[in-house]
Structure formats: C-alpha cells, structure tokens
Amino acid sequence: MEALVTDLMNWVHAHPHWANLFVLVVAALESFLVVGLFVPGTVVMFGIGAMIAAGSMELVPTLIWAAVGAVLGDGTSYFIGRYYHQRLRVIWPFRKYPEMIVRGVDFFHQHGGKSIILARFVGPVRPLLPAVAGMLDMPPQRFFVFNILSALLWSPAYILPGVLFGASLGVAAEIAGRLALLLVILVVLLWFSWWLMRRLTRSLQPHARAIQSHILYGARMRLQAARQ
C-alpha cells in the first residue's frame with residue numbers, strides 16, 4: 001500500500017495539470033459506499049498536503065476540489081441508499097456482513113443529522129452513513145446541508161496536517177544548514193584556541209623559571225611590607 005501511495009504521489013508530481021482531478025477522484029472514492037473502506041484517503045491527502053508545502057500544488061484550489069469530491073462521494077452513496085431503500089440490507093456485501101448496516105443505523109439513530117458530519121472522521125462508518133441516511137429517508141435538503149458542511153471541515157482537516165508537515169521539513173532543512181555552519185565555525189574556533197594555547201606555551205616555556213622567580217619575589221616583598 002505504501003508503494004502504491006508513493007507511485008500515486010509521483011504521478012501527480014509528474015502530471016500537475018491532472019492534480020485537481022486526481023484530488024477530486026480520491027476524495028470521492030474515499031467517501032463512496034464500501035469503496036471508501038479500501039481507499040487510503042487519509043494517507044493520500046496527507047501526501048497532497050506535503051506537495052502543497054513543496055510548491056507543487058496550490059492550497060485553496062486543492063481544498064475546494066477535495067471538498068467537491070467529498071460531497072459527490074457522499075451524495076452518490078446517499079442516492080444509492082435512497083434508491084435501494086431496505087433492499088440495501090440484502091445486496092452484496094451487506095447480505096454477507098449485515099452488521100455493517102446495523103452499525104450504521106445505530107450510529108445514525110444515536111447522532112441524527114450530525115452523524116453525517118461525525119462519520120467523516122470515524123473510519124468504520126465513514127462510507128456507510130450516507131447510504132444509511134438515504135435508506136432511512138433522510139430528506140435530501142437536510143442531508144446535503146450536513147454533507148457540504150462535513151466536506152468543508154474534512155478537506156482542511158485531512159490536507160493541512162500534510163502542509164504543516166511539509167513546511168516543517170523545509171524549516172528543518174534550513175535550520176539544519178545553519179546548525180551545520182555554526183558547527184563548522186565552532187570547530188574552527190576550538191582548533192584556533194588549541195593552536196594559540198600551544199604557541200603561547202612554547203613561547204613562554206623558556207622564560208617559565210624567570211617568570212616564576214619574579215612572581216615569588218613579588219610575593220615575598222608584599223609579605224615583608226605587610227609585616228612592617
């Protein structure tokens with residue numbers, strides 16, 4: 001999966017004119033019924049955020065395209081649930097895993113309309129709630145109010161962390177360069193100090209006894225003056 005995500009990021013970097021469409025499709029699939037369980041939307045959006053920080057994509061258009069894709073994905077799932085109604089329970093894969101629908105229905109009854117917003121950020125029910133809302137006859141106008149609001153919240157929540165991460169790498173690289181320069185300067189100063197001390201030691205060594213005698217003589221004179 002990591003290799004696939006890396007390949008997708010490389011493809012987007014190599015084809016920037018398709019970047020916005022790519023963001024829309026990933027956001028839509030990440031929200032689409034059942035499919036969203038298998039799409040690494042979180043990782044891809046994080047990577048897209050890092051690409052924004054690197055300057056490969058623009059922030060505001062990317063956020064808008066991601067939100068539009070999320071609205072389309074949830075909206076399509078909603079109309080699928082509204083079309084199949086209770087028959088949704090007996091079509092594949094729900095007839096084999098009925099607990100998926102039960103979990104979505106319980107979540108919807110527990111949180112009502114705001115479950116559409118909450119489900120954006122809850123992995124197991126994320127691609128199920130819109131279809132469940134349609135199956136349970138939630139009015140379209142009410143659904144799309146929550147749908148659009150949730151998409152506007154989801155888009156920056158999933159992309160901006162990648163932007164911050166990418167920006168932090170740039171700052172870290174800049175700081176690392178400055179630290180390296182400071183380290184070089186420090187090493188040079190330490191080497192120069194060591195060289196200077198050796199030179200001074202060698203220069204003063206022949207006069208060490210004379211200096212020592214002078215210091216002792218001065219100490220005796222001060223001691224005698226103090227006694228007098």
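Buried here means under 20% relative accessible area, exposed means over 50%, and partly exposed lies in between, with a 1.4 Å probe and protein chains only as the basis. The structure is a predicted model, in which local features need pLDDT of at least 70 and side-chain atom pairs count only at pLDDT 80 or more, while totals for chains, interfaces and linings use all residues. Residues are numbered from 1 along each chain as its sequence is written, and side-chain values use heavy atoms, with hydrogens and water left out.

**Whole chain**

Start with a cartoon view. The chain has nine helices and zero strands; helices (H or I, at least four residues) and strands (E, at least two) are DSSP runs, numbered from the N terminus. Of the 228 residues, 34% are buried. Contact means heavy atoms within 4.5 Å. Among contacts with a separation of 6 or more, 75% are between residues 24 or more positions apart. Switch to a surface: the chain exposes about 14100 Å², and carbon and sulfur atoms supply 70% of that area. Accessible areas come from the Shrake-Rupley method with a 1.4 Å probe, and for residues only the protein chains shown count as cover.

**Two loop residues with positive phi**

Select Asp137, in the loop between α7 and α8. Its phi is near 65°, a positive value in a residue other than glycine. Asp137 is partly exposed, at 45% relative accessibility. Next select His85, in the loop between α4 and α5. His85 is not a glycine either, yet has a positive phi of about 55°. With a relative accessible area of 29%, His85 is partly exposed.

**A cis peptide bond**

Stay in the loop between α4 (59–84) and α5, and select Pro93. The peptide bond leading from Trp92 to Pro93 is cis, with omega near 5°.

**The nonpolar cores**

Select Phe94. Beyond its neighbours within four places in sequence, Phe94 is in contact with Leu33, Val34, Leu88, Arg89, Met100, Ile101 and Leu128. A nonpolar core is a set of buried Ala, Val, Leu, Ile, Met, Phe, Trp, Tyr and Cys residues joined through side-chain atoms within 4.5 Å. The largest one has 23 residues, and Phe94 is among those with the most contacts inside it, together with Leu33, Leu88, Ile101, Ala133 and Met138. Helices α5 (98–111), α6 (115–119), α7 (129–135) and α8 each supply at least two residues of this core.

Now select Ala27, Leu63, Trp154 and Tyr158, which are included in a second, separate core of 21 residues. Go on to Ser155, in helix α8 (residues 140–204). Ser155 is buried, with a relative accessible area of 1%. Leaving aside neighbours within four places in sequence, Ser155 is in contact with Leu63, Ala66 and Ala67.

**Helix α2**

Select residues 19–31. Helix α2 has 13 residues and reaches 19 Å from its first C-alpha to its last, close to the 18 Å expected at 1.5 Å a residue; the expected span is 1.5 Å times one less than the number of residues. Buried residues in α2 include Ala19, Phe22, Val23, Ala27 and Glu30.

**Two salt bridges**

A salt bridge is a side-chain nitrogen of Lys or Arg within 4 Å of a carboxyl oxygen of Asp or Glu. The structure holds two.

Asp74 is in helix α4 and Arg120 in the loop between α6 and α7, 46 residues apart. Asp74 is buried at 3% relative accessibility, and Arg120 is buried at 2%.

**A nonpolar surface patch**

Select Leu59, Val60, Ile64, Val68, Leu72 and Leu160, which make a nonpolar patch of about 480 Å². Patches are made of residues with over 30% relative accessible area and no salt bridge, like charges being joined within 9 Å and nonpolar side chains (Val, Leu, Ile, Met, Phe, Trp, Tyr) within 5 Å. Helix α4 gives the largest share of this patch, five residues. Leu59 lies in α4 and is partly exposed, with a relative accessible area of 32%.
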